[in-house]
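I want to see who pairs with whom and how exposed the partners are.

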Amino acid sequence: MSPEQHSLNRFLAAAQPSATYALIDRVAARRAEGIEIISLCAGEPDFDTPEHIREAGIEAIRAGQTRYTQVAGLRTLREAIAAKFKQENGLTVDWRDTLVCSGGKQVIFNALSATLNEGDEVIIPAPFWVSYPEIVQLCGGKAITIPCNAASGFKLTPQALQAAITDRTRWLILNSPSNPTGAVYSFEELRALAEVLMAHPQVLVLADDIYEHLVFDNIEFHTIAQVAPKLQNRILTMNGVSKAYAMTGWRIGFGTGPGWLIEAMAKLQGQQTSGACTISQHAALAALTGPKDFIQQSKAVFQRRRDMVVDMLNKVQGLQCEVPQGAFYAFVCCEELMGKTTPGGVQLNTDEDVVNALLDEANVGVVHGSVFGLGPYFRIAYALDDESLHRACTAIKKFCQSLSH
Ligand SMILES: Cc1ncc(COP(=O)(O)O)c(C=O)c1O
């Protein structure tokens, strides 16, 4: 049979592979050549999972917790998730209206595949996490990206939301703190968006709160279901243990939303993974019910690193960086570098050129802003030790100083 006869699903064929993973692969290839690269590409904390959580995983194995759980997750974990939403977010949640998935990403995937029909529109404020438009595309939907520039703090305004909603709009995705900008929506900003949504009952809201615990400068975190209880019956509040508890590899995410949606997502999951890893679910239970000092400690470390990175980069001529209020990313404007030439003879016409040149000529890995829907920028993940971050920023500075007109 010819390759044409084995054609791919058209939604998959039109989707892009993860741009972040592509850069991580390029960094790995350079390292394999023996070149020392400081990679600021990956979106995961550089800490180990706290000891008591790891022990809970080991204990689960020893205790023979090695079989399937219910598709929607262990009841004890779902109860702990409902309690977390109550205590930390002020949401009244029945544990039956929660779902445990293999990572926060799968919560999003399940929700969109359970609800989207071909051509349904999903509003995504840009800059956005790279996976949102691709997941929408894979589910047959149409991503409607709305540019949100530095002047609006990279945040969606009620006017822009109102203008983007059509009869085909099925979802709005809100991510606060944001990957890649670190922007955090205030109570008032969420309330203003909620007011617009009130008039459009066909629109569901996906609140991606995965960076909830990484909010700096004593800013208070809010999620839209808490701000607008009247909308709660059409909000999926998504979260997980990956970023808050340094558990990216355990693959546990969770969500709460209206019963019909959670049921549909569980139906899908039942034919897909049969549920999240049992051992990881026990570890996640220990995370949600155990001591929380790790969260405070990692937040303090990230805030210190943010201060150092933003300060160093803002002193570099040609770069500008707003102070991110959360997550562990800095989104750096490199507009002034456009048109300049590197010592290696590369003319910088796009942010992708900047990212490639930084990798090839300064041995620093970052991700270009255009893959997050806004250029010319690059994203730095400061989930790395202070010394490496200092060296990376110094190398970026030297690179910028070496450019000629
Ligand atoms: C904004 C955002 N949402 C969701 C996720 C998914 O996290 P996980 O699937 O590891 O729980 C990530 C991971 O990078 C993210 O940046």
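I started with Asp307, which comes out partly exposed because its relative accessibility is 38%. This is a predicted model, so I keep that in mind throughout. Asp307 pairs with Arg306 in a salt bridge, 2.9 Å from N to O.

Next I went to Arg391. Its side chain meets that of Glu36 in a salt bridge, at 3.3 Å from N to O. I checked where the two sit: Arg391 belongs to helix 14 (residues 386-401), while Glu36 lies in the loop between helix 2 (19-32) and strand 1 (38-39). That puts the partners 355 residues apart, so the pair ties together distant parts of the chain. On accessibility, I noted 39% for Arg391, which makes it partly exposed, and 56% for Glu36, which makes it exposed.

I asked myself which other residue forms a salt bridge with Arg391. I found Glu387, with the closest N and O atoms 3.0 Å apart. Why do Glu387 and Arg391 lie about one helical turn apart? Because they are 4 residues apart in helix 14.

I also came across a network: Asp46, Arg304, Arg305 and Asp386 are linked by salt bridges.

Last, I wrote down the tally: the count comes to 18 salt bridges.

Notes. Residues numbered from 1 in each chain as written. Predicted model: local features only at pLDDT ≥ 70, side-chain atom pairs only at ≥ 80, totals over all residues. Heavy atoms only, no water. Salt bridge = Lys/Arg side-chain N within 4 Å of Asp/Glu carboxyl O. Buried < 20%, exposed > 50% of the residue type's maximum accessible area, 1.4 Å probe, protein only.
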